[in-house]
Amino acid sequence: MRVGLNLTLQYPPGEDPGRALDDHLRLVDAVRAAGWDSVFVAQHYLSEEMAHLQPLPLLGRLSAVAEGMRLGSGICLLALQHPVDAAEAYATADVLTGGRLVFGAGLGYRELEYDAFAVPKGGRLSRFTANLDLVKRLWAGEAVDADLPWCRLDGARLSVLPVQRPGPPVWLAANGDKAVARAARIGDAWMINPHASMTTVERQLALFRTARAEAGLAPATDVPLMREVVCAPDRSTAAARARRHLAAKYAVYKDWGQDTVLPEGDRFDADLAELSRDRFAIGDPADCLRTLREWTRRTGTTELLLRVHWAGAPIQEALESVELLSTEVLPYL
């Protein structure tokens, strides 16, 4: 099993973005030195409550400091992109990383983002699937034709192809059951979100595997599991840090409507203690080891992607969490 850092690089609006970047590069350096395998960066637009650096420039910066690590988008909001731009840009990112890119993509859920890009609600899914198909065909070096309202191609070919052939692995984010089944049919893996309960994840993994089998596809090679982790020297410190920062993040997620795209019953309107149950790993190293071991056993995880920092939290807390995880948890996992 590989272990990666889920680096959202969110920070409070008004904070110096250069300082935030420097702090998070320290975090990347710490996990690289500790032997972690990957770093994934996320995407949002117009996120007023939590400022957010964009993934593509960040992947370029990380390619220079995360030597030997796999880098990925977690996730690219592909329905909001032009497929030619996405294909060219992420092919370039694969070149910059020496063929170590994972293309994580998803539909997204924020009305604000879709309104900003003037993408109508009724056309989001068709636009996403069409864009993904075009990106994969362009990466493969095909001559591509398209006649879509947002893209017209006549035998177009990419001049810069990704190092990986026919292209980087495609990991698709999904929350609802239909989206999970769709990810099974058109992606290489389901990028399991960090906010669904493990009971929901376990049920949806069975759905994912069934959908692949019904489509005549081989079982997915990668099973990436994203989770929130607060690891501290003792339980009380971990709980206090989670209350200050992790709970605040999920309050924003609730305002954004993220839990409305989860299956019925998975909601963010509980207190932190209830929300954490079967969802987050919060505690001392022994607690985190016990929780992560159980989750990876239940899911058959091949890549555990851990988020250890949230907007407003001191980076030193995240660095301490990484050290404890690297020395007292991950070697035994």
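Reader: Which residue is the bridge partner of valine 41 in β5?

Author: Serine 73 is the bridge partner of valine 41. Keep in mind that this is a predicted model.

Reader: How do β3 and β5 pair, and over how many bridges?

Author: They pair in the parallel sense, over four bridges. Strand β5 covers residues 70-73.

Reader: And how many bridges join β1 to β3?

Author: Four bridges. Strand β1 is residues 2-7, and β1 and β3 run parallel. Glycine 4, for instance, stands opposite serine 38 in β3.

Reader: Which residues of β3 are on which side?

Author: Ser38 and Phe40 are on one side, Val39 and Val41 on the other. These four are all buried, so both faces of β3 are covered.

Reader: New topic: rings. How many aromatic pairs are there?

Author: A search of the whole structure finds five. One of them is phenylalanine 40 with tryptophan 171.

Reader: Is that pair stacked or edge-to-face, and why?

Author: Stacked, because the planes are at 15° and the cut-off for stacking is under 30 degrees. The ring centres are 5.4 Å apart.

Reader: Where do the two residues sit in the chain?

Author: Phenylalanine 40 is in strand β3, residues 38-41. Tryptophan 171 is in strand β10, residues 170-174.

Reader: Are phenylalanine 40 and tryptophan 171 buried or exposed?

Author: Both are buried.

Reader: What about the rings of tyrosine 45 and phenylalanine 117?

Author: Their centres are 4.9 Å apart and their planes are at 55°, so that pair is tilted. Tyrosine 45 lies in the loop between β3 and β4, and phenylalanine 117 in the loop between α4 and α5. The pair therefore ties together parts that are 72 residues apart in sequence.

Reader: Is tyrosine 45 buried or exposed? And what does phenylalanine 117 count as?

Author: Tyrosine 45 counts as buried, at 17% relative accessibility. Phenylalanine 117 counts as partly exposed, at 34%.

Reader: Which residues do ring pairs link into a cluster?

Author: Tyr90, Phe103 and Trp139.

Reader: And which charged end sits over the ring of tryptophan 295?

Author: That of arginine 227, 5.5 Å from the ring centre. Elsewhere, arginine 124 lies over the face of tyrosine 114, at 4.0 Å from the ring centre.

Reader: Let's switch to helices. Which residues of α6 are buried?

Author: Ala179, Val180, Ala181, Arg182, Ala183 and Ala184. Helix α6 runs over residues 177-186.

Reader: What covers them?

Author: The cover includes α5, β10, β11 and α7.

Reader: Zoom out. How many helices and strands does the chain have?

Author: The chain has 11 helices and 14 strands.

Reader: What share of the residues counts as buried?

Author: 55% of the 333 residues.

Reader: Last one: what share of the accessible surface belongs to carbon and sulfur atoms?

Author: 51%, out of about 13,700 Å².

Definitions and conventions. Residues numbered from 1 in each chain as written. Predicted model: local features only at pLDDT ≥ 70, side-chain atom pairs only at ≥ 80, totals over all residues. Heavy atoms only, no water. Phe/Tyr/Trp six-rings, centres within 6.5 Å; stacked < 30°, edge-to-face > 60°. Buried < 20%, exposed > 50% of the residue type's maximum accessible area, 1.4 Å probe, protein only. Lys NZ or Arg CZ within 6 Å of the ring centre and 35° of its normal. Areas by Shrake-Rupley, 256 points an atom, 1.4 Å probe, with all protein chains shown as cover. Pairing = 2+ DSSP bridges. Contact = heavy atoms within 4.5 Å.
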